[in-house]
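Reader: I am new to this structure and would like to go through it by question and answer. Please show it to me.

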Amino acid sequence: MGAHVSKQVERRKALSVQKKNLCEMHGTCGRDGFPGSDYRPPDRKNWMAGLNPDKLHINQIVWPGTHDSATNKIGIRFVSRPFAQCQSLSIYNQLCRGTRVLDIRIQEDRLVCHGILKTYSVDIVMNDIKKFLSETQSEIIILEIRTEFGHQDPADFDKYLEEQLGEYLIHQDDHVFGKTVAALLPKRIICVWKPRKAPQPKHGGPLWSSGYLKDNWIDTDLPSTKFESNMKHLSEQAPVSSRKYFYRVENTVTPQADNPVLCVKPVTGRIHGYARLFITQCVSKGYGDKLQIFSTDFIDEDFVDACVGLAYARVEGKA
């Protein structure tokens with residue numbers, strides 16, 4: 001018991017120091033020191049259209065993404081939901097707010113899940129995506145859908161995805177990275193299917209294999225540790241102009257089983273407000289041309305604006 005208490009005291013001290021480090025960095029470096037930081041898309045629902053699809057290349061986009069996207073109704077409200085909910089908005093409302101990368105986890109019965117907790121059918125996700133696409137013309141979405149750890153792949157799920165999204169699917173092709181948004185239209189979805197045991201999608205097919213969406217996930221609830229790890233791994237990537245895969249950085253920290261704070265929102269709130277600081281640091285360290293997908297829990301307008309602002313600066317030749 002004494003050892004456990006001592007460990008928790010040390011954890012609280014470490015957390016306090018890390019919060020102070022980020023706060024001091026924020027005060028010293030500011031949060032808006034990157035090209036395009038003052039840009040605000042006039043219409044977040046159509047922000048790619050606002051950046052000119054004829055000029056906007058896929059590898060110029062800074063894609064705002066959500067982590068565990070379909071968890072707005074997961075578990076039981078006020079009981080298990082706070083331990084697994086990473087987004088409060090529906091998929092449709094996230095897309096309208098400006099999200100363009102979705103992270104969907106499923107289990108064998110085609111229910112969306114987060115660990116052991118489950119929520120609605122993946123059909124709800126498909127319907128929200130199709131509703132959004134029917135109301136817009138030039139917005140491209142990256143849909144990552146994977147079988148959650150510890151679960152079996154749903155039967156014939158690749159066929160299901162093709163049936164649901166076929167008319168919108170951008171086929172797996174390395175040339176996509178160098179194309180403009182306009183050159184890909186009317187196709188609208190890059191769907192990365194990550195099964196656990198089923199065969200990977202093949203080159204040239206309608207779905208993309210797991211190697212096309214990479215990240216370096218660090219499972220921690222310490223904000224400065226995650227911030228610095230994100231920066232280190234990003235620095236090791238090639239610039240977006242020469243990459244043939246998407247690379248994601250997640251501005252999140254996650255609850256740990258050995259810590260008394262287990263609800264997602266207060267934990268991820270430790271890093272949530274430092275997204276602009278991260279972009280500022282990327283640019284100042286010379287990594288601004290490496291940032292591509294930037295994801296968060298509980299996405300908000302300012303997070304979207306920061307990502308879109310850097311993309312705007314790239315299109316205008318300012319970054």
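This is a predicted model: local features need pLDDT of at least 70, side-chain atom pairs count only at pLDDT 80 or more; totals for chains, interfaces and linings use all residues.

Reader: Which residues of helix 5 are buried, and where on the helix do they lie?

Author: The buried residues of helix 5, which spans residues 157-165, are Phe157, Tyr160, Leu161 and Leu165. An α-helix has 3.6 residues a turn, so residues three or four places apart point the same way. Seen down the axis of helix 5, the buried residues fall within an arc of 100°, so they line one face of the helix.

Reader: Is Glu144 buried or exposed, and what is its relative accessible area?

Author: Glu144 forms a salt bridge with Arg146, with the closest N and O atoms 3.2 Å apart. Another salt bridge joins the side chains of Glu144 and Lys194, at 2.8 Å from N to O. Buried means under 20% relative accessible area. Glu144 therefore counts as buried, its relative accessible area being 0%.

Reader: What is the relative accessibility of Asp215, the salt-bridge partner of Arg248?

Author: The side chains of Arg248 and Asp215 meet at 2.6 Å, N to O. Arg248 is buried, with a relative accessible area of 2%. Asp215 counts as partly exposed, because its relative accessibility is 28%.

Note on methods: Residues are numbered from 1 along each chain as its sequence is written. Side-chain values use heavy atoms; hydrogens and water are left out. Buried means under 20% relative accessible area, exposed over 50%, partly exposed in between (1.4 Å probe, protein chains only). Helices (H or I, at least four residues) and strands (E, at least two) are DSSP runs, numbered from the N terminus. The arc is that of the directions from the helix axis to the C-beta atoms. A salt bridge is a side-chain nitrogen of Lys or Arg within 4 Å of a carboxyl oxygen of Asp or Glu.
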